Amino acid sequence: MNLAAALLPVPVLLPLGVAAALLVVSHWLPSPVSTVLAIATALAVAVICAFLAHAALQGPVLQWFGGWTPASSHRPGVVLGISFLADPISAAIAAFVGVLFAAALTFAWGYSQEHSHFEILMLLFLAAMAGFCLTHDLFNLFVWFELMSVAAFALTAYPLGKSSLEGAFNFTIINGLGSFMMLAGVGFLYARTGTLDFTQMGRAVTGIGSDAVLSAGFCLVAAALLTKAAIVPFHMWLSDAHAVAPSPVSVIFSGAMVSVALFALGKIAVQVFVHDDAVMTVARSLFVWLGAATALIGGAMAWAQRHLKRLLAFSTIAHLGIMLVGAAAVAPPAMAGFVLYLFGHGLVKASLFMVAGILLALRASGDEIVLYGKGRDLWPAGIAMSIAGLLLGGLPVGLLHTAADRLEASKPFVSAVIILATALTGAAVLRAAARIFATVSGAPGPEITAPTEREREKDDRPLWLMLLPCFALLVLAFVPGSLVLPFVERAIPALLDPFGHAAAVPAPEERAIESYAPIVLTVCLFALASVRQRATRPLSRTIFKAETLAFRGLQFLHSGLVGDYVVWMIVGLAALALALGAA
């Protein structure tokens, strides 16, 4: 066994082991020591996974636990063991997750001073996400899905206030139903293929072809992962969870968890179902429309929010829609764009949630209208928020810009969705930044009727320490895409076919004019928000009422009632089933 294969389980075992040790000694260990150990563990996971990503460029890094290799069954095509497989993209995403956890834990310095429970839960969350990225077994994927959910439920409810418990309850019910769907889907797929290993299952699916049981299994697994990824109409829980979760936890939710779930869906599609005509038809049709609806609804809802964490949550939903609508082509260029977008969006969104956390800690509010002008002496945070808003709105530099160009290259329809959703989310962030930090604001628009939360976070944390990871992530977001793209293009074939010879990723066409369209529209929307006047004339009052009515309709659908969210899950599941049945 080579070094890379020997290290493959470590990104999971290390945080689990440190979490268990902290649980034993936390009553005697000073809180800063626990935080340092947690940060060091996250950085170690990032370094190990980066090494695995580099090693996997020479071929897949594979580890069969307990020595249960396929040969152990003494039957061709029968796999009894569980494996981890590090292709370069999966390992790189696991490394990225480690970086985000290290940044979030640094930002949370001093957040928890009782028995290290916060750090323990974060390490369990990290272990689950690393396993989720690296596993090559469908049931094992479900196990890490469940551990992610349990850790996330506890972290959402960590403040133990009424609002946090309500948000965690909605999160638990919706994602718990997602877990049931995923387990049922795994059962259907195992019953039809006789294996849980991705590679063997893919071969079995190829031999069987389109089949009702396979379609049912994919439908349930896809619905579960679309729920975790907050794709319309499975997305309702995310804004509720974000509004009440501690800001360091929101950094992980939006920066990594939801996009990693979408990555897992893509991975299953290309490694297991690529030769299933029904699944590929749905991926290239229904997923495009679901992605477009997610991007546009998320963008519109972000524009209509006043509570920063809700605004950023809907922005995350919009950008997940962009990722889905671009990657639904299931083609190497689009997959390369998806991976770059995952990195770029995660860095920018994590920094924005850190700014929201700074305001909650030092100004005791996350409401942009209540915070009007109260951030002027926190100008470094204002600079960070403005830069992040510009990047989110399509500033033609950095990872997000390169990724968007890749995704836009697929279809004109995709370009239009990306431009509009990008502009709505970027302009909403810039509007809030101008209102809070520069007292530049027009009259409130539809955001005046949006729900808000009265909350605050621990206020004795030093500003410079909260700003340090925020600016570090923004610096990484400015890394030119041309530096990362060669690795991604070289690695994508190994993601599509870990043991085969998939085609190389072709270079996209230059898109000079379209590259500037999102940022131009973002600036225009921000300018309109900045000069908006109160509706005093009959025509302007009529326009304002129509605008407010439209956004109230969207707000009504996002009722906060878990029963309504379950109904929308059923609608989404039915749509998937009908599409697969008709394909």
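This is a dialogue on reading selected features of a predicted model.

Trainee: Which residues of H2 are buried?

Mentor: Pro11, Val12, Pro15, Val18, Ala19 and Leu22 are buried in H2. They sit on the same side of H2, because they cover an arc of only 150° around the axis.

Trainee: What covers the buried residues of H2?

Mentor: The cover includes helix H1 (3-7), helix H3 (31-56), strand E2 (83-86), helix H5 (117-134) and helix H6 (138-156).

Trainee: And which exposed residues are on the face turned away from the buried side of H2?

Mentor: Leu13 and Val24 are the exposed residues carried by that face.

Trainee: Why does Phe180 count as exposed?

Mentor: The cut-off for exposed is over 50% relative accessible area. Phe180 has 63% relative accessibility, so Phe180 counts as exposed.

Trainee: Next, charged pairs. What is the general idea, and how many salt bridges does the count come to?

Mentor: Side chains of opposite charge can pair when their charged atoms come close. In this model the count comes to 7 salt bridges.

Trainee: Which side chain meets that of Arg192 in a salt bridge?

Mentor: That of Asp211, with an N to O distance of 3.2 Å. The pair links distant parts of the chain, 19 residues apart: Arg192 is in helix H7, and Asp211 is in the loop between helix H8 (198-208) and helix H9 (212-228). Arg192 is partly exposed, with a relative accessible area of 35%, whereas Asp211 is buried, with 18%.

Trainee: Which residue forms a salt bridge with Asp377?

Mentor: Arg363 does, and the closest N and O atoms are 2.7 Å apart. Asp377 and Arg363 each lie in the loop between helix H15 (332-362) and H16, so the pair ties together parts that are 14 residues apart in sequence. Asp377 counts as exposed at 52% relative accessibility, and Arg363 as partly exposed at 25%.

Trainee: What does the salt bridge between Glu489 and Arg406 tie together?

Mentor: The side chains of Glu489 and Arg406 meet at 2.3 Å, N to O. Glu489 lies in helix H20 (residues 481-496) and Arg406 in helix H17 (residues 398-408), so the pair ties together parts that are 83 residues apart in sequence. Glu489 is partly exposed, with a relative accessible area of 22%, while Arg406 counts as buried at 3% relative accessibility.

Trainee: Which residues are linked in a network of salt bridges?

Mentor: Glu368, Arg431 and Arg435 are linked in such a network.

Trainee: How do I read the backbone, and which residues does a cis peptide bond join?

Mentor: Most residues other than glycine have a negative phi, and most peptide bonds are trans. Here a cis peptide bond joins Val232 and Pro233, with omega about 0°. Pro233 lies in the loop between H9 and helix H10 (236-244).

Trainee: What is the phi of Ala364?

Mentor: Ala364 has a positive phi of about 60°, although Ala364 is not a glycine. Ala364 is in the loop between H15 and H16, and is partly exposed, with a relative accessible area of 32%.

Trainee: What about the phi of Thr439?

Mentor: Phi of Thr439 is near 50°, a positive value in a residue other than glycine. Thr439 is found in the loop between helix H18 (412-437) and helix H19 (463-477). Thr439 is partly exposed, with a relative accessible area of 29%.

Trainee: Last, contacts. Which residues does Ser386 touch, leaving out those up to four places away in sequence?

Mentor: Ser386 touches Leu430 and Ala433. Ser386 is in helix H16 (residues 379-392) and counts as partly exposed at 28% relative accessibility. Sequence and space can also be read together: Ser386 and Phe84 are 302 residues apart in sequence and 41 Å apart in space, C-alpha to C-alpha.

Key
Residues numbered from 1 in each chain as written. Predicted model: local features only at pLDDT ≥ 70, side-chain atom pairs only at ≥ 80, totals over all residues. Heavy atoms only, no water. Buried < 20%, exposed > 50% of the residue type's maximum accessible area, 1.4 Å probe, protein only. Helix = DSSP H or I, 4+ residues; strand = E, 2+ residues; numbered from the N terminus. Arc of directions from axis to C-beta. Contact = heavy atoms within 4.5 Å. Salt bridge = Lys/Arg side-chain N within 4 Å of Asp/Glu carboxyl O.
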